[in-house]
Amino acid sequence: MGAGRVFAYGAAAGLIGDLLLGDPRRGHPVAAFGRAAGAVERVLWRDHRGWGALHTAVCAGGAVALGSVAARAVRPSAVASVALTGVATWAVVGGTSLAREARTIGRALEAGDVEAARARLPHLCGRDPQALDADGMARAVVESVAENTSDAVVGALVWGAVGGVPGLLGFRAVNTLDAMVGHKSARYRRYGWASARLDDLAGWPGARLTAVLAVLAGPDPRGAVAAWRTDAAQHPSPNAGPVEASFAGALGVRLGGTLSYGGRVEHRPVLNTQGRAVGTQDVERAVRLSKRVTWLALGVCAGARLLMSARSSKRGT
């Protein structure tokens, strides 16, 4: 069985596994990686970019090396290769947990239980829930669904199509490192610089694919294109900008504006200024759009991998 079919079958199995099982409450492989990365940080931390780059290389490189060794070990068996790809895909994607958390908050908001929604919001994003009213929390959820569709699903599929199991594990390692040390706090401004920049690079193709698929899968393709072209570049993140702008346009809502993280207030530009304010009903709409984007991304990435494998086979004959 060729590498293209191995990835296509394995990635599909992994997404189905995520749909049926979600993330385990205990013993998640990404959590194990996070503990290992934390241990490396305790040894290497210095307030210096070079030491931070070493931390990134050790942790991300270790994940890629582990994936390479595992893939090489099962290569003689097509069944084992598909199974490994499926397990790796399940381990690194998080679409079901993303939808579950978003819907839990959405249901609380629809029921008028603002305090329950505030208590749950930190499970989804890093906003200060006490600074948000019901509509503010709905907007935070929609933005998180958009951004994490790229970070937690589409980006992993892109790198899986490019690099197989090592690509899947490497992308999730880079994304996790960015979440751990890539923010601009006093401790990580220099030490986390390499992780943040590498995450920007690794996330670039997945973010653009997510934005394109949101245009195709959303209820307002023209609005999605217009918001992406007009507003995405104003976002401080080179990858979250296109994704959030395309989701905003596709759903016909305004995203961005004033945000609060850990007591730090940020004033971000509004995305899709022609849209209406986000309401609680838009949480479910965003989740449904995310799911459509996920399955379209599987089709695109699996198709691309099959095409690459076919061309490689022709060159070899």
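Surface patches here are built from residues with over 30% relative accessible area and no salt bridge, with like charges joined within 9 Å and nonpolar side chains (Val, Leu, Ile, Met, Phe, Trp, Tyr) joined within 5 Å. Accessible areas come from the Shrake-Rupley method with a 1.4 Å probe, and for residues only the protein chains shown count as cover. A salt bridge is a side-chain nitrogen of Lys or Arg within 4 Å of a carboxyl oxygen of Asp or Glu.

This is a predicted model: local features need pLDDT of at least 70, side-chain atom pairs count only at pLDDT 80 or more, and totals for chains, interfaces and linings use all residues. Residues are numbered from 1 along each chain as its sequence is written, and side-chain values use heavy atoms, with hydrogens and water left out.

**Surface patch**

Ile16, Leu19, Leu20, Leu21 and Trp295 make a nonpolar surface patch of about 530 Å². Helix 1 (residues 3-21) gives the largest share, 4 residues. Trp295 sits in helix 11 (residues 281-316). Helices (H or I, at least four residues) are DSSP runs, numbered from the N terminus. The relative accessible area of Trp295 is 38%, so this residue is partly exposed. Buried means under 20% relative accessible area, exposed means over 50%, and partly exposed lies in between (1.4 Å probe, protein chains only).

**Salt bridges**

The whole structure holds 11 salt bridges.

| Pair | N to O distance |
|---|---|
| Glu41 and Arg187 | 3.1 Å |
| Arg118 and Glu115 | 2.6 Å |
| Arg127 and Glu143 | 2.4 Å |

Glu41 and Arg187 form a salt bridge. This pair links distant parts of the chain, 146 residues apart: Glu41 is in helix 2 (residues 29-44), and Arg187 is in the loop between helix 7 (134-181) and helix 8 (193-217). Glu41 is buried, at 7% relative accessible area. Arg187 is partly exposed, at 36%.

Arg118 and Glu115 share helix 6 (residues 114-120). They are 3 residues apart, about one turn of the helix. Arg118 is buried, with a relative accessible area of 15%. Glu115 is partly exposed, at 49%.

Arg127 and Glu143 also meet in a salt bridge. Arg127 is in the loop between helix 6 and helix 7, Glu143 is in helix 7, and the two are 16 residues apart. Both are buried.

Salt bridges also link Arg103, Glu284 and Arg288 in a network.

**Nonpolar core**

A nonpolar core is a set of buried Ala, Val, Leu, Ile, Met, Phe, Trp, Tyr and Cys residues joined through side-chain atoms within 4.5 Å. The largest one has 70 residues, of which Leu121, Val141 and Leu157 touch the most other members. Helix 7 supplies the largest share of this core, 20 residues. Beyond its neighbours within four places in sequence, Leu157 has contacts (heavy atoms within 4.5 Å) that include Phe7, Ala11, Leu15, Thr294 and Cys301.

Asp231 is in helix 9 (residues 221-231). Asp231 is buried yet has no salt bridge. The nearest side chain of opposite charge, Arg254, is 10.0 Å away. In this count Lys and Arg are positive, Asp and Glu are negative, and His and the chain ends are not counted. Residues up to four places away in sequence aside, Asp231 touches Val270, Leu271, Asn272 and Thr273.
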